[in-house]
Amino acid sequence: MLELARRGDWTALLEEKSCGLIDAERLRQLEAEVSLGHREQLRKIELLEQILALDAEIRTHLLTRRDELGRLILNSRRQRELNRTYRPAVGASIVYQAAERFDKGLP
């Protein structure tokens with residue numbers, strides 16, 4: 001998942017994350033049925049720490065992307081506001097033809 005986040009493949013990351021959540025739930029249910037020994041408990045703790053570290057880095061990439069999308073949305077809104085402000089009114093002439101106004105009656 002970390003590699004997907006690094007590449008910015010958000011669709012694949014979300015699919016992988018969904019599968020990971022399903023797998024985690026299965027493991028939780030299986031663990032309820034089995035008693036882990038001391039060695040297995042230590043291994044489980046080690047794996048969980050690795051998963052949390054990877055999740056933290058993935059989260060950093062996701063937050064960066066969220067901020068980037070937020071800036072794009074803000075810029076888009078500003079662009080729309082500028083277009084509304086500076087767009088000519090309906091029925092108004094876009095180009096002012098000075099020659100038509102001042103050249104009347106000239107040869």
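View 1. Together, Leu47, Leu48 and Ile51 make a nonpolar surface patch of about 240 Å². Patches are made of residues with over 30% relative accessible area and no salt bridge, like charges being joined within 9 Å and nonpolar side chains (Val, Leu, Ile, Met, Phe, Trp, Tyr) within 5 Å. Accessible areas come from the Shrake-Rupley method with a 1.4 Å probe, and for residues only the protein chains shown count as cover.

**View 2. The whole chain, as a predicted model.** This is a predicted model, in which local features need pLDDT of at least 70 and side-chain atom pairs count only at pLDDT 80 or more, while totals for chains, interfaces and linings use all residues. Residues are numbered from 1 along each chain as its sequence is written, and side-chain values use heavy atoms, with hydrogens and water left out. The protein chain holds 4 helices and 0 strands, and its pattern along the sequence reads α-α-α-α. Of the 107 residues in the protein chain, 5% are buried. The chain exposes about 9,700 Å², of which carbon and sulfur atoms supply 57%. The average pLDDT (the predictor's confidence in each residue, from 0 to 100) is 83 for the protein chain, and 81% of the residues score at least 70. Among the elements, H3 has the highest mean pLDDT (90), whereas helix H4 (residues 98–102) has the lowest (62). Where pLDDT is low, the predicted coordinates should not be read in detail.

**View 3. A salt bridge between arginine 6 and glutamate 57.** The structure holds 9 salt bridges, each being a side-chain nitrogen of Lys or Arg within 4 Å of a carboxyl oxygen of Asp or Glu. In one of them, the side chains of arginine 6 and glutamate 57 meet at 2.9 Å, N to O. This pair links distant parts of the chain, since arginine 6 lies in helix H1 (residues 2–7) and glutamate 57 in helix H3, 51 residues apart. Arginine 6 counts as partly exposed because its relative accessibility is 46%, and glutamate 57 counts as partly exposed at 30%.

**View 4. A salt bridge between aspartate 55 and lysine 17.** The closest N and O atoms of aspartate 55 and lysine 17 are 3.5 Å apart in this salt bridge. Here too distant parts of the chain are linked, with aspartate 55 in helix H3 and lysine 17 in helix H2 (residues 10–33), 38 residues apart. Aspartate 55, with a relative accessible area of 25%, is partly exposed, and lysine 17 counts as partly exposed at 32% relative accessibility.

View 5. Glutamate 68 and arginine 65 form a salt bridge whose closest N and O atoms are 2.7 Å apart. The two residues are 3 residues apart in helix H3, so they are separated by about one helical turn. Glutamate 68 counts as partly exposed at 34% relative accessibility, while arginine 65 is partly exposed with a relative accessible area of 25%.

Definitions and conventions
Buried < 20%, exposed > 50% of the residue type's maximum accessible area, 1.4 Å probe, protein only.
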